[in-house]
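Here are a few exercises on helix packing and the nonpolar core. Grab a viewer and try each one before reading its solution.

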Amino acid sequence: EELQEYIAGEDNMNKTTWKQACIAGVDLLYHPPDQQQLRTPQVQADLSLMTDWFWNIIMRLDLRHTRLFLRFVTGASIFSPFQLSYGTVDMPLDSYPKSATCAKIFTIPLYSSEQVMEDKIIFAITTSTGIHDDAM
């Protein structure tokens with residue numbers, strides 16, 4: 001029942017349930033095949049930290065910014081699961097996140113701090129003008 005409310009676009013989104021739907025059955029530390037060499041313990045620790053920071057930020061977003069985030073990642077402003085990906089090779093430290101709306105993939109680089117990550121995400125979601133502008 002709760003999930004149907006989110007899919008219908010209810011304003012009262014439970015972000016914990018949303019997070020669980022996004023990560024259910026997904027290896028959060030997934031790398032594309034060309035990045036398999038990056039599965040070192042240090043990279044795994046860095047990506048785990050990025051994941052924690054990311055969900056901390058998402059949990060703090062107000063409704064307006066949550067909907068902008070959803071639109072940036074999925075092309076729609078209603079609840080929809082997405083995949084979190086890491087651009088550890090092709091994205092410089094502290095760069096802007098990218099999204100692939102058709103595949104519902106949100107790609108983040110490594111960040112130097114949670115605040116920098118939040119600033120970059122907020123900038124990306126508030127300045128994107130449409131589906132073809134999502135990758136900054």
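**Exercise 1.** Work out how the axes of helix 3 and helix 5 are arranged in this predicted model.

*Solution.* Start with the axes: those of helix 3 (residues 41-60) and helix 5 (residues 114-127) come within 10 Å and cross at roughly 55°. Angles of 65 to 115 degrees would count as roughly perpendicular, and those under 35 as roughly parallel. The two helices are therefore oblique to each other. Now for the hand: the crossing is right-handed.

**Exercise 2.** List the residues that make the contact between helix 3 and helix 5, then sort them by class.

*Solution.* From helix 3, pick out Met50, Trp53, Phe54, Asn56, Ile57 and Arg60. Helix 5 answers with Glu114, Met117, Glu118 and Ile121. Sorting them gives six nonpolar, one polar and three charged residues.

**Exercise 3.** Find which members of the largest nonpolar core touch the most other members, and which element gives the most to this core.

*Solution.* The core has 27 residues, and the ones to look for are Phe54, Phe69, Phe82, Phe106 and Met117. Next, go by element: two or more residues come from each of helix 2 (15-23), helix 3, helix 4 (63-74), strand 1 (83-86), strand 3 (105-108) and helix 5. Helix 3 gives the most, with eight residues. Finally, zoom in on Phe54: leaving out residues up to four places away in sequence, Phe54 touches Phe69, Phe82, Leu84, Phe106, Met117 and Ile121.

Notes
Residues are numbered from 1 along each chain as its sequence is written. This is a predicted model: local features need pLDDT of at least 70, side-chain atom pairs count only at pLDDT 80 or more; totals for chains, interfaces and linings use all residues. Side-chain values use heavy atoms; hydrogens and water are left out. Axes are lines fitted to C-alpha atoms, for helices over the stretch in contact, and angles run from 0 to 180 degrees between N-to-C directions. Helices (H or I, at least four residues) and strands (E, at least two) are DSSP runs, numbered from the N terminus. Angles under 35 degrees count as roughly parallel, over 145 as roughly antiparallel, 65 to 115 as roughly perpendicular and the rest as oblique. A crossing is left-handed if the near helix is turned anticlockwise from the far one by less than a right angle, and right-handed if clockwise. Contact means heavy atoms within 4.5 Å. Ala, Val, Leu, Ile, Met, Phe, Trp, Tyr, Cys and Pro count as nonpolar, Asp, Glu, Lys and Arg as charged, and the others, Gly among them, as polar. A nonpolar core is a set of buried Ala, Val, Leu, Ile, Met, Phe, Trp, Tyr and Cys residues joined through side-chain atoms within 4.5 Å. Buried means under 20% relative accessible area, exposed over 50%, partly exposed in between (1.4 Å probe, protein chains only).
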